[in-house]
Amino acid sequence: MHVLVESGADAKAALEKVGIEVTGILDVALHRIDDTPGSLLELYGGYADKQDNVEVLYMAGDSQWIIGSETMRLDTPGRRVGDS
C-alpha cells in the first residue's frame with residue numbers, strides 16, 4: 001500500500017499505532033504538467049536523463065503527477081516479501 005501524505009514521520013507513527021507495519025518511506029515530487037501529448041514523457045525523460053530510477057508514478061488528479069525515485073528513498077529499515 002502506498003499512502004500520499006505531507007508528513008511521512010507523522011503518518012508512520014499513526015499507522016504503527018494501529019498495528020500497520022511501515023516498511024519504507026519515499027519522498028516524492030508533485031509535478032503539474034500540461035494535458036497535451038508527450039508532456040508526461042518529457043517529465044519522465046528528465047529522470048531517465050539523470051539515470052534516476054522511477055519507483056512510483058501515478059496521477060493525483062487535475063494534471064498533477066506524483067513521482068518517487070530511487071534517489072528520493074529515505075533510509076528506513078524494512079522487509080521485502082520473502083524475508084524471514
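Trainee: Does Ser69 count as buried or exposed?
Mentor: This is a predicted model, so keep that in mind throughout. Ser69 counts as buried, because its relative accessibility is 0% and the cut-off for buried is under 20%.

Trainee: Where does Ser69 lie, and which residues does Ser69 touch?
Mentor: Ser69 is in strand E3. Leaving out residues up to four places away in sequence, Ser69 touches Leu26, Tyr47, Asp52, Asn53, Val54 and Glu55.

Trainee: Which residues make up the largest nonpolar core?
Mentor: There are seven: Ala29, Ile33, Leu43, Tyr47, Trp65, Ile67 and Met72. Helix H2 (39-49) and strand E3 (64-69) are the elements that give two or more residues to this core.

Trainee: What is Leu43 in contact with?
Mentor: His31, Ile33, Trp65 and Ile67, once neighbours within four places in sequence are set aside.

Trainee: Which residues of H2 are buried, and what do they pack against?
Mentor: Ser39, Leu43, Gly45 and Tyr47 are the buried ones. They pack against strand E1 (29-32), strand E2 (54-61) and E3.

Trainee: What lies over the face of Tyr47?
Mentor: Lys50, at 4.7 Å from the ring centre.

Trainee: And how many aromatic pairs are there?
Mentor: The count is zero.

Trainee: How are Glu16 and Lys12 placed in helix H1?
Mentor: They are four residues apart in H1 (residues 8-17), so about one helical turn separates them. In general, residues three or four places apart in an α-helix point the same way, because there are 3.6 residues a turn.

Trainee: How accessible are Glu16 and Lys12?
Mentor: Glu16 counts as partly exposed, at 37% relative accessibility. Lys12 is also partly exposed, at 24%.

Trainee: Which side chains meet in a salt bridge at 3.1 Å?
Mentor: Those of Asp62 and Arg32, N to O. This pair links distant parts of the chain: Asp62 is in the loop between E2 and E3, while Arg32 is in strand E1, 30 residues apart.

Trainee: Are Asp62 and Arg32 buried or exposed?
Mentor: Asp62 is exposed, and Arg32 is exposed too.

Key. Residues are numbered from 1 along each chain as its sequence is written. This is a predicted model: local features need pLDDT of at least 70, side-chain atom pairs count only at pLDDT 80 or more; totals for chains, interfaces and linings use all residues. Side-chain values use heavy atoms; hydrogens and water are left out. A nonpolar core is a set of buried Ala, Val, Leu, Ile, Met, Phe, Trp, Tyr and Cys residues joined through side-chain atoms within 4.5 Å. Buried means under 20% relative accessible area, exposed over 50%, partly exposed in between (1.4 Å probe, protein chains only). Contact means heavy atoms within 4.5 Å. Rings of Phe, Tyr and Trp (its six-membered ring) pair if their centres lie within 6.5 Å; planes under 30 degrees apart count as stacked, over 60 as edge-to-face and the rest as tilted. A charge sits over a ring if NZ of Lys or CZ of Arg is within 6 Å of the ring centre and within 35 degrees of the ring normal. A salt bridge is a side-chain nitrogen of Lys or Arg within 4 Å of a carboxyl oxygen of Asp or Glu.
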